[in-house]
Amino acid sequence: NQVPLEMHKVRVVQKLNLLPVEKRLQAIQGAGNNTFLLQNKDIYMDMLTDSGVNAMSDEQTAAMFTADDSYAGSETFNRLRRAVKEVFGTEYLLPAHQGRACENILAEAFVKPGSVAIMNFHFTTTKAHITRCGGEVVEVVDSKGLQPQSDDPFKGNFNLDVLKETIEQYGPENVAFVRVEAGTNLIGGQPVSLENMLAVADVCHKYGVMSVLDASLLQDNVYFMKTREAQCKYMTTKQIYHLLADKMDIIYFSSRKLGFGRGGAITSHNESLMKSLMEFIPLYEGFLTYGGMDVRSIEAVAVGLYESLDMDYISQGPEFIQYLVKELDDYGVPVIKPAGGLGAHLNCSEILPELPHNQYPAAAVAAALYIAGGIRGMERGTVSEQREPDGSERYAELELLRLAMPRRVFTLSQVKYCADRVKWVWDNRDLIGGLQWTEEPKVLRFFFGRMKEI
Ligand code: F0G
C-alpha cells in the first residue's frame with residue numbers, strides 16, 4: 001500500500017482520550033446508539049465529519065488576528081470577496097452562516113410547490129429544504145454511482161440522457177434548478193468529471209433551466225479531476241474552478257469544508273440572479289458583509305480558499321482516504337470503491353447481509369466500531385433518509401458507515417489504528433445485531449434520534 005506523505009508538519013496538538021472498552025459500551029448506550037450524541041471527550045478518533053474540523057494552516061490562524069470587526073462594510077469581507085474572485089473568478093458574493101443556509105435561501109427563492117430540483121444525488125440538508133418548500137428531488141446519477149465496487153473514476157457523474165428526459169418529463173418551467181453536487185457526499189464522496197459538469201451546464205442552458213453547483217466538496221473533486229481526467233492533467237486548479245464558475249449560473253458552498261473554516265457563501269457572475277437572493281441575507285443570516293459568519297472565520301476562509309488551489313494541500317484528504325480504503329479492501333472488508341473524497345465508506349449491507357434496512361445495519365456497525373475502537377463514524381444509510389410523506393420508510397440505496405478524514409488532522413499511525421479496528425469489527429461481525437427507534441424526530445432524524453438493540 002503506497003504510503004501517503006504529509007505535506008505539512010504538526011505545530012499545535014490536542015490531547016486525546018482512549019476510554020476502556022466497558023466505558024465505551026456505556027457511552028454508546030447513553031447516546032442511544034447514535035454517534036452524533038456521543039461526547040467528544042469519550043472519542044479517540046472523531047471521523048464523524050470533515051465539516052469544520054479540518055486542521056487550519058498557520059497562515060489561516062494568523063489571518064484571524066487581522067480581522068476587521070464591523071457590522072457593515074468590513075475590510076475582512078472585502079478580502080473574502082477578493083479570494084472568491086481569485087478562485088472562482090466571480091464578481092458577486094453573498095455570505096451565509098453555513099452551507100445549509102445557502103440551501104435554505106436557494107429553496108425559498110426558486111422552489112415552489114410542485115416544482116422539481118434535479119441533481120446527481122441529494123444531500124440530507126438540501127433535500128430537507130427543497131421538500132419543506134413543497135418541491136420534489138429527482139436524482140439522475142449514473143447507475144454506476146450506486147454500485148458499491150467499481151473502477152469508474154467518476155461515480156458522481158450525471159446520466160445525461162436521464163437528465164434530459166427528466167427535464168422534458170416535468171417541463172423546463174417546473175424545474176427549480178439542476179444541482180450538481182461535487183464530491184457526491186452520500187454515495188461515498190464520489191467525484192463528477194469536469195466533462196460531465198460542463199455537459200450538465202450545457203443541457204441546462206439548452207432548456208433554459210438554472211444550473212447550481214454545490215461546491216462544498218469541490219476541492220477533493222478538483223484533485224480527482226487533476227489526477228483521473230486526462231484533459232485536466234495540464235490545467236491549473238484555478239483554470240478548473242474558473243471554467244466551472246463560467247458555466248454554472250450559481251455556486252454555493254459550505255466553507256466548513258471548502259475553505260476550512262466556518263460559514264458558507266453563494267457566488268455567481270449573474271447580477272440579477274444574485275439581486276433576487278440578496279434580500280434573504282439580512283432576513284435570515286445577517287448583514288451583507290458578514291452573513292452570520294464571525295469576522296475571524298471569514299479571514300480564515302479567505303486564506304483557506306487560496307489554499308484550495310494548492311495540490312499539496314488538496315491531495316491530503318484523497319491520499320489518506322485512498323490508503324485506508326486499500327488497507328481495508330486488501331483485507332476483504334466491503335468498502336466503497338474507488339476511494340473518493342471526504343472519507344472511507346464501509347458497505348454495511350455487505351458486512352451484515354442478514355440485517356434488513358429497517359434494522360439499520362449502518363447505524364449498528366457505527367455503534368460497534370465505537371465500542372471496538374473509540375472511533376466515531378457517521379451513519380449514511382436508511383437512518384439518514386427521511387420518511388416518505390405517507391410515513392413509510394425510504395430505504396437508502398446504500399447502507400454506508402462513513403469514516404470521514406478531517407484533513408491534516410490524523411497521523412498515519414492513527415489511520416492504521418482505524419484500519420485495525422475496522423478489521424476487528426469485520427472479523428467479529430457475527431456479534432452485531434439490529435437496532436430499533438426509541439425516539440424518532442420528524443426532521444433530520446439522524447442528528448438526534450435514539451435507538452436501542454433489538
Ligand atoms: N452540501 C454538501 C455536499 C455537504 O457535504 C454539506 C455538509 C452541506 C451541503 C451543508 O453544509 O453543514 O455547512 O450546512 N455536510 C456535512 C457532512 C454536514 O458531515 O457531510 P453545512
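Guide: An oxygen atom of the ligand lies 2.6 Å from an N or O atom in the side chain of T49, a polar contact being a pair of N or O atoms within 3.5 Å; within protein, one atom must be able to donate a hydrogen and the other to accept it, and residues adjacent in sequence count only if both atoms are side-chain atoms. The model is a predicted one, in which local features need pLDDT of at least 70 and side-chain atom pairs count only at pLDDT 80 or more, while totals for chains, interfaces and linings use all residues. Residues are numbered from 1 along each chain as its sequence is written, and side-chain values use heavy atoms, with hydrogens and water left out.

The side chain of R402 also has an N or O atom 2.7 Å from an oxygen atom of the ligand. For the side chain of Q98, the corresponding distance to a ligand oxygen atom is 2.9 Å. Around the ligand there are 17 residues, of which T49, R100, D214, S254 and R402 come nearest; a residue is near a molecule or strand if one of its heavy atoms lies within 4 Å of it.

The helix pairs come next. Helices (H or I, at least four residues) and strands (E, at least two) are DSSP runs, numbered from the N terminus. Helix α4, residues 99–110, and helix α10, residues 271–278, have axes that come within 10 Å and cross at roughly 100°. Axes are lines fitted to C-alpha atoms, for helices over the stretch in contact, and angles run from 0 to 180 degrees between N-to-C directions. The helices α4 and α10 are therefore roughly perpendicular to each other, as angles under 35 degrees count as roughly parallel, over 145 as roughly antiparallel, 65 to 115 as roughly perpendicular and the rest as oblique. In α4, I105, L106, A109 and F110 meet L273, S276 and L277 of α10, where contact means heavy atoms within 4.5 Å. This contact of α4 with α10 comprises six nonpolar residues, one polar and no charged; Ala, Val, Leu, Ile, Met, Phe, Trp, Tyr, Cys and Pro count as nonpolar, Asp, Glu, Lys and Arg as charged, and the others, Gly among them, as polar.

Helix α3 (residues 75–88) packs against helix α9 (residues 237–247) at about 95°, with the axes 7 Å apart. These two, α3 and α9, are therefore roughly perpendicular as well. K85, E86, V87 and F88 of α3 meet K238, Y241, H242 and A245 of α9. By class, the contact of α3 with α9 holds four nonpolar, one polar and three charged residues.

Two details of the backbone remain. K337 and P338 are joined by a cis peptide bond, with omega about -5°, and P338 sits in the loop between α14 and β9 (343–347). N33, a residue other than glycine, has a positive phi near 55°.
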